[in-house]
Structure formats: structure tokens, C-alpha cells
Amino acid sequence: MAAHKDTDNFDSKFYKSADAFFPSYSGIGLTFDDITLATLYSEILPRETQLDTDLGAGLQLHIPIISSDMDTVTESRMAIAMALNGGLGLIHYNMPDRQQLSEVSRVKHHVHGLIQEPIKVTPDQLIGDVLELIEQKRFAFSTFPVVDDKGKLAGLLPSHVVKPRYAKRKVAEALQPRSQVHTINQKELGKDPIARADKFFTEHLGIHKLLVVDDKDTLRGLITMSDVERITQERRAQFKPARDANFHLLCGAAVSATRNAFGELDRERIVTHVSGLVERGVDVVAVSTAHGHTKGVGDTVKMLREAFPKLPIIAGNVTSAEGVEFLARAGATAVKVGQGPGSICTTRIVAGVGIPQMTALYVAMQAAAKKKVAILSDGGITKSGDIVKALTLSKAVICGGILAGCTEAPGEVLEIGGKLYKQYRGMGSIAAMKAGSAARYGHEKNPTQKVAPEGVEALKEVAGSVDRVLAQLIGGIQSGMGYLGAANLEQLREKARYIRVSPAGQREAAPHDVVELKTGNQ
Ligand code: XMP
């Protein structure tokens, strides 16, 4: 027994809790690669770990990952994909207010499995035109709803007539008439459209497509049996989509602390816009700036807290305990921590300011515990191990670069030298500031004025779907939790023990002295 106690003591001399470890490096800024976590006795299998996280004010996620409010990362497509995987997307604000409102609406109205804008044809088109369309757009399907010029459903063009031999025939001659087409009124889809469609396909032998119409018989969508089957399978997956009480996907939106022509905070514009976001069902707003410990950000958060007492508010960014306390006092629910760790950030180079991320998180966490606000680790994540380390000191991570190459991120795919890329740029880069984000970096929105950019414009290699990237990241997080014997994120925070890594230790941590044939995530 005594020997066991001695070995425990021995371990703790080397592998220290956050409160013993970080203060012993009080003059040094440490980031993810500077430290590693010690393993602990475990009875936990990685796949049994729970990743639910509570960000306060009723905002709960099933995975602790948030996509960054950047114009090359999060619009509605990314936010939908994040929420479907149990996380959250923050829609960026580099767009007109009206457009941001409709981006939020798109997420809140997203019905998984319902194709809201199905490809349609009209009765006067020739089958030849339809064949050309399929060829041009490389559609993998050849059954199309047929609508008249007012969008009313006229019938269904089945795939067995979409053949070159009928090219000269009109769609009107070949369609299955409206009276024979199976439809459902959108009102009847209820809270769980997939379960409703699943029941329909079971009851209607051989029918693979269900058209959704409104009271005026206008086509409102299409549900296919293959999508329903895929989604039903996914539902058995461990991580459920992040939804609100009405079963809608969660969605966040960023707002900026904009000023009017007199340099004062534009209260009216900000409150009016956030009212619009709330009307559309936004679940959280993020007051996003590079320097959150400022009067402007404090006043914006206070104003929003007064106007919307129950709305979860994320604010930032800060890297000090005082900064966290300041934003918490103003009314923030969660605080973003990170100044300069981002992959496209140049704040530390340009302004000489910022704190390596693990130290920043530890310092920020002191105030967060006192003020009962959540800490979000923002920026610098390049691998799942970084997330595990960040989660020992925070409630969730915010990712930009790691998601920017995904299909669901805004922007076109570019081919350079046979490789595929997507654009990824800092919100403090010249191009992004011209597009509207200058206020975030304390500059006026005036492209002709000379400003010092704090971010670069870059490319990310195409990374496939968000589902795929998140599956890799989640697998890594769960593996880390298994090594620490942590069944959930609270236990991960309690159990984490740290040690400093030497430069040789860092080299040892990556593949070395081998010829790599495949990277770890292939
Ligand atoms: P990652 O490392 O995930 O970082 O690509 C994304 C985070 O970086 C922040 N961000 C910036 N920071 N200059 C900066 O100093 C910029 O231009 C910039 N743009 C984004 C932001 O916090 C984001 O979530």
C-alpha cells in the first residue's frame, strides 16, 4: 500500500496538475506542442466516452467543436454540417445584414433529407433538353419533378423515359401525371420529417421519391428513399445532431461592434440586426473582435445583454483573466480565448502582441471558474491532439483552418499543379477587411485607407466532407480521453496532468526516421 502511495508521489513530481504545472512556468508562454499529457489508469474505452459540453444559458453541444466565424469557413452549409454532427457553426458577418439573416434562416429551416430546391423540368421542354442538362451538370439521377411556370406540380418525369430514343418528345407527353404522383403536404411532415418519410416508403411498395407540396400544390421539396435510409443509419451513430427545443439545428451568428459616422457604437443597427437574428431563431450570437477587452466590446455585450436577457452571448477575444472577468461582467455567457494562435494570423508579428494558447487558456480559466462562464479555445488547432489539450482547460474549441478545406466551406475549388485547394484567409487580411471585417481589427471600413493587416490570404488543400474531418477529430479526442481514463469532458479537465516537452521530445512525437507512405489521416 505504502509502495503504491510512493509511486503516486513519484508520478506527481513529474506529471503535474494544471494548477501545479502552469504557475511553475509563470514567465513562459506555452502552446500545444510545448506540452504533452500523461496517461492514467483507465477503464474507459474511447468509443464509450461522452463529448457533450454545456456552454451556459441553455446552449449545449454534443461535440465540443465550433466552426469559426470567418468568411472562408462558415456560412449556412458549414453551419448545417456542424450542427448535424453535434457541433455548432458561427455564421460570419462579412456580408450584408439581410444576407446573414437568410443564412441563419437556412440553417434553422434545414430539414435533413429534404432537398429544398430539387432540379425541376417544365412540360414544354424536350426530353433531349433534359438529357443535355444531365450531361452538362453530370447529374447521377434522371427522375425529375415537372412544374408549370408558376411552380405548381404538373407531374413526375420518370427515369425510364429519359432516353435518347425519346429525345424529340416533349416532357408533357412522357410525364407521369400529377394525379398519379405521390406527394405529402409540408405541414404533414411534422417534427420528424425523416421518420414520416420512412413510414411512407414502407407503406408504398416500390416508390422511391416523395414530393413535398404546399396548400397551393407548389413544389416545396423532394425526399428520396436512399437519403432516408442513410440518415436512419446515421441516427444510430453516437453523436446526435445539435438541435433546439423545436428540433431545429442549432445556429450561431457573429456580430461586429460597428460604429456610426460619429465614431460611436451603432446601437440602433446592432440591436435591430440581432432582433432579426433572434426572430429567425439564432441560438447564440458572437461579438467577435481581435481585442475583446475594450470599452467598445464591453458596451456592445452589455447592450445586447440588456436587450436580450436570455440570449447566449459569446464574446472575445481575450488572453487574460481580467479580460474574461470584464466580458463576464458585461453579460457574456462564453468567452473566446486566443490572440494570434490562428494559422492565418499575423497579429503577433504585426503588433507584437498575443499569448501562446495553452498559457492563455490557463490564465483565462482562472476568471472563468470564478465568474461561471465557459472558455472557448479559439485558433491554432492543427490536429486532434491539440483539441484534447485545449479541452483540458476549455469547454470547446473554435476551428478555422482545419475546416476551411471542406466541401461545405464557402468558396470554389482551385486546381494548382494537379492538386485541389480552397481559399482560406484571415479576417484581418486586406481582402477580408475590404469585404467588411475591418471593425474586428479596430480599423474603419475604408479600403483606400492604409491599414496594417493582421492576417494572410492562403490556400488549404481540399479535405473532403465535414463529416469525414470531424470523424477523424472526434476519434482522436476519444482516444485521448481513453488514455486519461476520462469518461466525459469534465473528467478530462479534472484528470489532466502535464509535462513540458523538449525540442527533441517534439521531434520524437511526430513520425521520424521513416519514409512515410501515407499520412495518418488517409
Ligand atoms: P485556425 O488556426 O483554426 O484559427 O485557422 C482560426 C481563428 O483565427 C482567428 N483569426 C485571425 N487572427 N488575424 C488574426 O490574428 C486574422 O486575420 C484572423 N482571422 C481569424 C479567429 O479567432 C479564428 O477563429
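Just after H17, glycine 485 takes a positive phi, about 65 degrees. Helices here (H or I, at least four residues) and strands (E, at least two) are DSSP runs, numbered from the N terminus.

Some ground rules. This is a predicted model, where local features need pLDDT of at least 70, side-chain atom pairs count only at pLDDT 80 or more, and totals for chains, interfaces and linings use all residues. Residues are numbered from 1 along each chain as its sequence is written, and side-chain values use heavy atoms, with hydrogens and water left out.

Back to H17. How far apart are the end C-alpha atoms of helix H17? The helix runs over residues 466-484, and 19 residues at 1.5 Å a residue should span 27 Å; the end C-alpha atoms are 27 Å apart, so the two agree. The expected span is 1.5 Å times one less than the number of residues.

Next, burial. Buried means under 20% relative accessible area, exposed means over 50%, and partly exposed is in between, with a 1.4 Å probe and protein chains only. The buried residues of H17 include Val466, Val469, Leu470, Leu473 and Ile474. Further along H17, Gly476, Ile477, Gln478, Gly480, Met481, Gly482 and Leu484 are buried too. What covers them? Among the elements covering the buried residues of H17 are strand S1 (35-37), strand S4 (65-67), helix H3 (76-84) and helix H14 (384-391). Helix H15 (401-404) and helix H18 (489-495) also take part in that cover. Contact, here and below, means heavy atoms within 4.5 Å.

Now helix H5, residues 127-137. Ile127, Val130 and Ile134 are buried there. They cover an arc of only 55 degrees around the axis, so they sit on the same side of H5. The arc is taken from the directions from the helix axis to the C-beta atoms. Which exposed residues are on the face of H5 turned away from its buried side? Glu132, Glu135 and Gln136. Cover for the buried residues of H5 includes strand S7 (144-147), strand S8 (153-157) and helix H6 (171-174). After H5 comes arginine 138, with a positive phi near 55 degrees.

Helix H7, residues 193-203, has Pro193, Ile194, Ala197, Phe200 and Phe201 buried. Their arc around the axis is only 120 degrees, which puts them on the same side of H7.

On to the ligand. There are 24 residues around it, and Cys345, Thr347, Asp378, Tyr424 and Glu454 come nearest. Near means that a heavy atom of the residue lies within 4 Å. A backbone N or O atom of glycine 401 is 2.9 Å from a ligand oxygen atom. For methionine 427, a backbone N or O atom is 2.7 Å from a ligand nitrogen atom. A polar backbone atom of glutamate 454 lies 2.5 Å from a nitrogen atom of the ligand. Taken alone the ligand exposes 520 Å², and the protein buries 95% of that. Those areas come from the Shrake-Rupley method with a 1.4 Å probe; for residues, only the protein chains shown count as cover.

Two buried residues. Threonine 72 sits in the loop between S4 and H3. Its relative accessible area is 4%, so threonine 72 counts as buried. The side chain of threonine 72 reaches the backbone nitrogen of arginine 425 at 3.2 Å. Leaving aside neighbours within four places in sequence, threonine 72 is in contact with Ala404, Ala409, Pro410, Gln423, Tyr424 and Arg425.

Alanine 334 is in strand S16 (residues 334-337). Buried or exposed, this alanine 334? Buried, with a relative accessible area of 2%. Glycine 56 is 278 residues away along the chain, yet the two C-alpha atoms are separated by 7.2 Å. Beyond four places in sequence, alanine 334 is in contact with Leu55, Ile313, Ile314, Ala315, Ala374 and Leu376.

Last, backbone angles. Most residues other than glycine have a negative phi, and most peptide bonds are trans. A cis peptide bond joins glycine 316 and asparagine 317, with omega about 5 degrees. Asparagine 317 is in strand S15 (residues 313-318). Aspartate 217 has a positive phi, near 65 degrees. The loop between strand S11 (209-213) and strand S12 (219-224) holds aspartate 217, which counts as buried at 18% relative accessibility. Lysine 372 has a positive phi near 55 degrees. Lysine 372 lies in the loop between helix H13 (357-371) and strand S17 (374-378), and is exposed at 72% relative accessible area.

Definitions and conventions
Polar contact = N/O pair within 3.5 Å; in protein donor to acceptor, adjacent residues only side chain to side chain.
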